[in-house]
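Please look through the sequence and the model shown below before reading on. The report then takes up strands, helices, cores and charged pairs in turn.

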Amino acid sequence: MKVVVLGAGLMGKEVARDLIKNSKVECVFLGDIDVKLAQNFVDSLNTDKIEVVELHAERDDSLMEVISKGDVVVNALFYSFNERVARAAIEAGVHSVDLGGHIGGVTEKILDLDEEAKAKGVTIIPDLGVAPGMVNILAGYGASKLDEVESIKLFVGGIPTEPKPPLHYTRVFSLDGVFDHYTEPSKVILKGKLQEVPSLSGVEPIYFKDFGVLEAFYTSGGISTLDKTFPNVQTLEYKTIRYKGHAEKFKLLADLGFLDASNKVEVEDQEVSVRPVVREALKKKLELGTKPDAVLLRVIVAGEKAQQQVTYEYEMVVRKDMTINETAMARATANTISVVAQMIGENKITERGVFAPESVVPGDTYIEEMAKRGVVIKETSHTSAMIVKW
């Protein structure tokens with residue numbers, strides 16, 4: 001199989017690193033606007049399986065030319081490109097996966113391309129990061145073991161293992177993405193009703209061994225398509241994990257309008273957008289992937305099975321791989337999208353059309369493949385007393 005990777009950033013590079021380990025991958029085309037930077041990375045791998053190609057993602061002709069080189073395309077570009085890539089992949093007759101794009105209904109627009117994808121005989125799976133992505137796959141897997149699903153609770157967070165004040169946070173992906181997650185409303189199902197709640201609200205304590213008591217709070221985008229896949233559950237919520245006090249500090253920034261993309265002020269007779277200034281100022285305080293990070297995950301799926309109350313819980317703690325300087329976030333995210341891309345390329349996923357991750361990715365195979373890459377997801381379950389229905 002030939003695989004195209006769009007974007008040689010934090011995730012794209014690690015996807016390429018994983019792909020070349022598969023003997024069934026004949027060639028990887030790594031597309032980026034900065035050919036020199038991408039080539040420097042490839043040179044460090046000592047491989048002849050990766051070809052760097054110049055990509056101008058904002059140009060349809062360039063996008064089509066690069067995508068057409070592969071059997072499967074892994075979209076590791078910023079999520080504003082996701083719909084454009086999906087449409088180009090369908091036109092080219094190439095399977096496609098992306099890292100997610102909840103802002104502005106991007107994923108919904110891609111799901112609407114189902115008939116076009118089927119007609120072309122391709123598989124398109126959006127939202128294949130960690131959250132959304134990994135959490136969707138695990139929620140779908142747990143739900144598949146139940147007769148009736150009642151509750152899905154998702155907790156995920158990328159945090160530094162050596163936190164430093166005042167924010168106790170490390171930048172492991174785009175700060176613009178972080179700001180979007182913190183400012184857009186979060187969809188939840190509470191007491192059986194779909195509703196929106198403010199991000200950075202709903203703070204609750206959560207414990208992980210070796211990390212102690214942390215906090216979890218609502219942020220946008222995490223449930224992705226799960227509200228449509230499981231519309232009849234009583235509870236569906238996604239919360240981000242951080243060190244205690246994080247939500248309060250970022251809520252202050254949000255309340256002051258510092259994270260608002262439309263907020264502009266006049267400084268010395270010049271109009272200045274506030275958010276980019278805040279972003280660049282924070283970059284200096286939040287080192288990008290230079291310190292050890294960790295990704296913590298807990299997915300809890302509860303419901304009825306054989307007239308008993310059963311709960312399936314999935315937990316993961318992954319740390320930065322210091323031997324190859326691969327962040328924990330990249331290990332969890334890049335391996336997720338790479339594994340699913342390879343499932344499609346190897347015909348382990350044969351359905352054609354556009355699918356949410358929870359409805360098409362086999363959870364047992366996914367967990368096995370992630371474990372081979374050192375990302376261990378532990379499953380536990382417990383059963384309560386017999387349910388008596390009158």
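## A strand and its surroundings

How many of the seven residues of strand 11 (residues 212-218) are buried? Five of them are, so strand 11 is largely enclosed by the rest of the structure; here buried means under 20% relative accessible area, exposed means over 50%, and partly exposed lies in between, computed with a 1.4 Å probe on protein chains only. Helices (H or I, at least four residues) and strands (E, at least two) are DSSP runs numbered from the N terminus.

This is a predicted model, in which local features need pLDDT of at least 70 and side-chain atom pairs count only at pLDDT 80 or more, while totals for chains, interfaces and linings use all residues. Residues are numbered from 1 along each chain as its sequence is written, and side-chain values use heavy atoms, with hydrogens and water left out.

## Neighbours of strand 11

Strands of a sheet pair through backbone hydrogen bonds, either parallel or antiparallel. Two strands are said to pair here if DSSP finds at least two bridges between them. Strand 10 (residues 204-208) pairs with strand 11 in the antiparallel sense over five bridges, and Ile 206 stands opposite Leu 214 in strand 11. Strand 10 and strand 11 form a hairpin with three residues between them, and Asp 210 in the turn has a positive phi of about 80°.

Strand 11 is also joined to strand 12 (residues 235-242) by four bridges, and these two strands run antiparallel. In this pairing, Phe 217 stands opposite Thr 240 in strand 12.

Seven strands make up an open sheet with parallel pairing, in the order 3-2-1-4-5-6-17. Strand 3 (50-54) and strand 17 (353-354) stand at the edges, each with a single partner strand, so one side of each is left without a neighbour in the sheet. The partner of strand 17 is strand 6 (residues 123-125), and the two pair in the parallel sense over two bridges; Thr 123 has Gly 353 in strand 17 as its bridge partner.

Helix 2 (residues 35-45) lies across strand 2 (27-32) and strand 3, and runs at about 175° to strand 3. Such angles are taken between N-to-C directions and run from 0 to 180 degrees, with axes being lines fitted to C-alpha atoms, for helices over the stretch in contact.

A nonpolar core is a set of buried Ala, Val, Leu, Ile, Met, Phe, Trp, Tyr and Cys residues joined through side-chain atoms within 4.5 Å. The largest one has 75 residues, and those with the most contacts inside this core are Met 134 and Tyr 366. Helix 12 (residues 328-345) supplies the largest share of this core, 11 residues. Apart from this core lies another, of 25 residues, among them Val 53, Ala 57, Val 66 and Ala 86.

The axes of helix 7 (residues 134-144) and helix 14 (residues 363-372) come within 9 Å and cross at roughly 130°. That makes helix 7 oblique to helix 14, because angles under 35 degrees count as roughly parallel, over 145 as roughly antiparallel, 65 to 115 as roughly perpendicular, and the rest as oblique. With contact meaning heavy atoms within 4.5 Å, Met 134, Ile 137, Leu 138 and Tyr 141 in helix 7 meet Gly 363, Asp 364, Tyr 366, Ile 367 and Met 370 in helix 14.

## Salt bridges

The structure holds 22 salt bridges, each being a side-chain nitrogen of Lys or Arg within 4 Å of a carboxyl oxygen of Asp or Glu. One of them joins Asp 227 to Lys 187, with the closest N and O atoms 3.4 Å apart. This pair links distant parts of the chain, Asp 227 lying in helix 9 (residues 226-229) and Lys 187 in strand 8 (residues 186-190), 40 residues apart. Asp 227 counts as buried at 7% relative accessibility, whereas Lys 187 is partly exposed at 25%.

Another salt bridge joins Asp 255 to Lys 251, with the closest N and O atoms 2.9 Å apart. Both residues lie in helix 10 (residues 246-255), four residues apart, which is about one turn of the helix. Asp 255 is exposed, with a relative accessible area of 55%, whereas Lys 251 is partly exposed at 36%.
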